[in-house]
Amino acid sequence: MTQELLPREPDISRWRKLILVRTDRIGDMLVTTPCIRAIRQALPEVRLDMLASAHNVPAIYGNPYLDNIHIFDRKSPLSWPGLVLRLRAERYDAALVFNSNSRSAGFLSMLLETPERIGFSGAPMRNGSVRWGYGGAYTRLPQGAGSVQVTLEMLEKLNSIGIPASSPHMDFIVPEVLTLAMRQRFPSVPGRLRLAIFVGNIKKVTKRWPLEKFRALSLRLLETEEDLEIVILTGPSDRPLLQGFSDVRHPRISYFTGSTLQESGAFLQTCCAMVAGSSGPTHVAAALDVPVLSVTTQYSATVWGTLGKYDDCVTPDTDIPDMRGIAMEAVEGMVRKFLQEERERRTGRS
């Protein structure tokens with residue numbers, strides 16, 4: 001069953017309390033942070049709260065544009081009624097839902113009983129109409145201006161309802177004390193480049209460049225790039241992948257597993273770039289202005305790609321959702337090109 005979604009212009013001048021909803025993954029939350037900043041800049045007096053997931057909330061720890069953060073824990077259904085009651089009691093004027101193609105986000109927004117419910121990532125369609133259940137969740141689904149990259153598209157949709165777009169640069173806060181501690185632990189060495197290689201995403205094999213290729217790439221780079229130091233980076237759940245490097249012995253290769261997202265971010269700040277095949281960590285690096293050299297699918301590069309000045313990527317020749325066939329030579333060429341250009345930038349020859 002379907003129903004037509006009747007657009008209705010929201011009156012943002014009447015908003016006093018807003019709840020933003022983003023209940024999916026870390027990378028999704030990070031690409032939404034420019035929207036949070038844009039809303040705060042346009043509506044500085046509004047109470048601005050976020051409903052995050054238990055998984056993605058670390059991406060907004062310390063975000064200066066939010067007043068409060070509420071957490072939806074998908075794995076703890078007993079906590080859901082209390083959460084809904086607390087949020088209803090806040091009497092929000094509007095809910096802005098940034099993963100509005102999610103069934104749970106749509107139903108959560110309806111349960112909050114806000115007068116305005118605006119979806120920013122579309123809704124499942126059938127024959128040009130919004131599927132019943134999703135269509136009823138929202139009072140408006142704004143239209144963008146044609147951008148495909150996810151952050152630019154969301155900013156365009158915000159602009160269409162009267163919230164001017166700001167910079168698409170992502171926000172990710174690393175406490176200064178953690179930054180200083182990491183720089184003491186990993187001090188820079190004059191004349192040396194430190195490259196982080198993220199080999200994680202253990203659960204999604206097709207979205208992770210093969211471990212043996214990461215290993216071969218690391219050894220080939222170290223063989224000829226004499227000023228290069230490589231740190232193999234993983235998340236806590238990805239530790240088993242380090243077994244692929246268990247027999248590697250080299251004075252310029254080491255390993256780092258961040259116990260928190262902020263700790264991984266603090267480490268990345270000590271690096272000249274990061275090579276990765278997973279979207280979440282690439283967005284952390286990009287938010288911290290660490291160049292990203294990604295190994296990804298054509299779709300991810302187009303829709304989820306980072307926007308840094310020195311970012312680069314290698315994709316399959318066709319838009320298949322599998323990165324395992326990407327040739328090591330292509331990735332090696334991308335990394336060596338970046339390293340040479342980075343040396344030139346550091347010596348003022350660029």
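Helix α1 passes helix α4 in a right-handed crossing, where right-handed means that the near helix is turned clockwise from the far one by less than a right angle, and left-handed that the turn is anticlockwise. The model here is a predicted one, so local features were taken at pLDDT of at least 70 and side-chain atom pairs at pLDDT 80 or more, while totals for chains, interfaces and linings use all residues. Residue numbers start from 1 along each chain as its sequence is written, and side-chain values rest on heavy atoms, with hydrogens and water left out. Helices (H or I, at least four residues) and strands (E, at least two) are DSSP runs, counted from the N terminus.

Two packed helices are described by the angle between their axes and the distance between the axes. For α1 (residues 26-42) and α4 (residues 150-160), the axes come within 8 Å and cross at roughly 25 degrees; axes here are lines fitted to C-alpha atoms, for helices over the stretch in contact, with angles running from 0 to 180 degrees between N-to-C directions. The pair is therefore roughly parallel, on a scale where angles under 35 degrees are roughly parallel, over 145 roughly antiparallel, 65 to 115 roughly perpendicular and the rest oblique. On the α1 side, the contact (heavy atoms within 4.5 Å) is made by Val31, Thr32, Pro34, Cys35, Ala38 and Ile39. From α4 come Val150, Thr151, Met154, Leu155 and Leu158. Sorted by class, that gives 9 nonpolar, 2 polar and no charged residues, with Ala, Val, Leu, Ile, Met, Phe, Trp, Tyr, Cys and Pro taken as nonpolar, Asp, Glu, Lys and Arg as charged, and the others, Gly among them, as polar.

Helix α1 also packs against α8 (279-287). Here the axes come within 8 Å and cross at roughly 30 degrees, so α1 and α8 are roughly parallel to each other too. This time the crossing is left-handed. Gly27, Leu30 and Val31 of α1 meet Gly280, His283 and Val284 of α8, and these residues divide into 3 nonpolar, 3 polar and no charged.

What about α6 and α10? The axes of α6 (residues 211-224) and α10 (residues 328-346) come within 10 Å and cross at roughly 45 degrees, which makes α6 oblique to α10. The crossing of this pair is right-handed. Lys213, Ala216, Leu217, Arg220, Leu221 and Thr224 provide the α6 side of the contact, while Met328, Glu329, Val331, Glu332, Val335 and Arg336 provide the α10 side. The class count is 6 nonpolar, 1 polar and 5 charged residues.

Helix α7 (residues 261-268) is mostly covered, with 8 of its 8 residues buried; buried means under 20% relative accessible area, exposed over 50%, and partly exposed in between (1.4 Å probe, protein chains only). The buried set in α7 includes Gln262, Glu263 and Ser264 as well as Phe267 and Leu268.

Turning to the cysteines, the count comes to 0 disulfides, a disulfide being a pair of cysteine sulfur atoms within 2.5 Å. Cys272 is in no disulfide, and the nearest cysteine sulfur, that of Cys271, sits 7.2 Å away. Cys272 is buried at 6% relative accessibility, and Cys35, one of the α1 residues touching α4, is buried at 0%.

Ser278 lies in the loop between β12 (273-276) and α8 and is buried, with a relative accessible area of 10%. Ser278 and Thr296 are 18 residues apart in sequence, yet their C-alpha atoms are 7.4 Å apart. Leaving aside neighbours within four places in sequence, Ser278 is in contact with Phe198, Asn201 and Lys207. Ile69, in strand β4 (residues 68-72), is partly exposed at 33% relative accessible area. Ile69 is 18 residues from Leu51 in sequence and 6.0 Å from it in space, C-alpha to C-alpha. With neighbours within four places set aside, the contacts of Ile69 are Met50, Ala52, Val57 and Ile60.

Finally, the backbone. Most residues other than glycine have a negative phi, and most peptide bonds are trans. Arg91, in the loop between α2 (80-90) and β5 (94-97), has a positive phi near 55 degrees and is exposed at 70% relative accessibility. Asp289 has a positive phi near 60 degrees; this residue is found in the loop between α8 and β13 (292-295) and is exposed at 57% relative accessibility.
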